[in-house]
Amino acid sequence: MSLFGKKHEIDQNLNQAADAEAISSLFDKNMVITGTISFKGKARIDGAINGDITEGDHLILSESGKITGNIRTISFNCYGTLEGDVQASSVIARKTCSIHGRIEAASLTVEPGAAIDGEIRATAKDRGQGEERVQGSSSTSSAVTVDSDTP
């Protein structure tokens with residue numbers, strides 16, 4: 001089995017685990033929360049968060065959801081709007097999402113139609129394996145530019 005096949009298998013297992021887990025926290029679309037948030041399990045945000053999410057397992061930002069702040073979770077599934085940076089093992093930018101900020105992830109999936117404006121940094125799960133820097137502004141995944149002179 002190749003290195004890429006094994007990485008794909010690990011990413012699939014993480015995404016399957018996130019999908020199978022029941023939502024333990026729900027922020028309704030009528031809610032506006034200001035402050036720092038941390039959670040365990042799986043959370044879905046339909047409303048607005050003005051502040052950072054400093055720790056969490058699996059986060060879903062729905063189409064009606066908006067976060068103005070930075071996110072640090074295990075997985076982030078974005079359908080809505082993020083104005084801030086995200087650091088996660090797995091990030092999925094759905095076709096309805098808009099992310100304005102830095103993305104740092106071991107696994108990044110971008111659906112056609114997703115809007116990403118900022119810096120993307122693909123990191124290995126084991127920091128010793130190296131990192132790849134991707135910079136650009138994109139309205140789809142095909143317009144992201146790759147900086148090939150990485151250390």
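**Entry 1: Asp 46**

I started at Asp 46, which is buried, with a relative accessible area of 9%. The model is predicted, so I read every value here as computed from it. I placed Asp 46 in the loop between S4 and strand S5 (48–50). Then I listed its contacts, leaving aside neighbours within four places in sequence. I found Leu 26, Phe 27, Asp 28 and Lys 29. I also found Ser 62, Ser 64 and Gly 65.

**Entry 2: Ser 62**

Which side chain makes a polar contact with that of Asp 46? I found Ser 62, at 2.7 Å. Ser 62 sits in the loop between strand S7 (58–61) and strand S8 (66–68). Is Ser 62 buried or exposed? I noted 12% relative accessibility; Ser 62 counts as buried because that is under 20%. Not counting residues up to four places away, Ser 62 touches Ile 45, Asp 46, Tyr 79 and Gly 80.

**Entry 3: salt bridges**

Next I turned to charged pairs. How many salt bridges does the count give? I noted 4. I wrote up some of them below.

**Entry 4: Lys 40 and Glu 55**

Lys 40 forms a salt bridge with Glu 55. The closest N and O atoms are 3.0 Å apart. This pair links distant parts of the chain, 15 residues apart. Lys 40 is in the loop between strand S3 (37–38) and strand S4 (42–45). Glu 55 belongs to strand S6 (residues 53–55). I checked accessibility at both ends. Lys 40 is exposed, at a relative accessible area of 57%. Glu 55 counts as partly exposed, at 41%.

**Entry 5: Glu 111 and Arg 94**

I then looked up Glu 111, which forms a salt bridge with Arg 94. The closest N and O atoms lie 2.9 Å apart. This pair, too, links distant parts of the chain, 17 residues apart. I found Glu 111 in the loop between strand S14 (103–110) and strand S15 (115–123). Arg 94 is in the loop between strand S12 (86–93) and strand S13 (98–100). Glu 111 has 23% relative accessibility and counts as partly exposed.

**Entry 6: Glu 104 and Arg 102**

My last pair was Glu 104 and Arg 102, also a salt bridge. Their closest N and O atoms are 3.6 Å apart. Why does this pair count as a salt bridge? It counts because the cut-off is 4 Å. I noted Glu 104 as buried, at 14% relative accessibility. Arg 102 counts as partly exposed, at 29%.

Note on methods: Residues numbered from 1 in each chain as written. Predicted model: local features only at pLDDT ≥ 70, side-chain atom pairs only at ≥ 80, totals over all residues. Heavy atoms only, no water. Salt bridge = Lys/Arg side-chain N within 4 Å of Asp/Glu carboxyl O. Helix = DSSP H or I, 4+ residues; strand = E, 2+ residues; numbered from the N terminus. Buried < 20%, exposed > 50% of the residue type's maximum accessible area, 1.4 Å probe, protein only. Polar contact = N/O pair within 3.5 Å; in protein donor to acceptor, adjacent residues only side chain to side chain. Contact = heavy atoms within 4.5 Å.
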